[in-house]
Amino acid sequence: STEKWIVACAGFHDGPPEGNEDEIYKTIYAPAREKHFPYFEAALTKSTTGWYAGTSEPTHADVAIAEFLEFVSKLDKNADKLFEGFPLMEAQFKKFFELPAIKKRVAERPDAPY
């Protein structure tokens, strides 16, 4: 589970994190990314609209995935490589955050580390 990596990076713990952040990244987060991102990329391959469900508008799936990836990208020191090898996921992510209502909300919300 990537939870251990998130806990270590974001400081969501009641004491020292279990394990070294870099080691957790290599042994938990990176393998999870490699295991799960192909599933999401494949779902987008089947979509003619660029949204996960193939609908004309984003669904809850698009919102949940984009929001989680935004959260992860703020913690990931290699965020510039987050979508490496997954161009459809990157396109969906950018498309989501270019939606006028989302763009407005992001511009207006308080700045937070995650």
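The following legends describe views of a predicted model.

**View 1. Overall fold of the protein.** The protein contains five helices and zero strands, where helices (H or I, at least four residues) and strands (E, at least two) are DSSP runs numbered from the N terminus. Read from the N terminus, the order of elements is α-α-α-α-α. Of the contacts between residues at least 6 apart in sequence, 64% join residues at least 24 apart; a contact means heavy atoms within 4.5 Å.

**View 2. Surface and interior.** The accessible surface amounts to about 7300 Å², and carbon and sulfur atoms account for 58% of that area; areas follow the Shrake-Rupley method with a 1.4 Å probe. Of the 114 residues, 27% are buried, that is, under 20% relative accessible area.

**View 3. The aromatic cluster.** Eight aromatic pairs occur in the structure. Rings of Phe, Tyr and Trp (its six-membered ring) pair if their centres lie within 6.5 Å, and planes under 30 degrees apart count as stacked, over 60 as edge-to-face and the rest as tilted. Phe-83, Phe-93, Phe-96 and Phe-97 are joined by ring pairs into a cluster.

**View 4. The pair Phe-96 and Phe-97.** The ring centres of Phe-96 and Phe-97 are 5.0 Å apart and their planes stand at 90 degrees, so this pair is edge-to-face. Phe-96 is buried at 2% relative accessible area, and Phe-97 is also buried, at 14%.

**Notes.** Residues are numbered from 1 along each chain as its sequence is written, and side-chain values use heavy atoms, with hydrogens and water left out. In this predicted model, local features need pLDDT of at least 70 and side-chain atom pairs count only at pLDDT 80 or more, whereas totals for chains, interfaces and linings use all residues.

How values were computed. Buried < 20%, exposed > 50% of the residue type's maximum accessible area, 1.4 Å probe, protein only.
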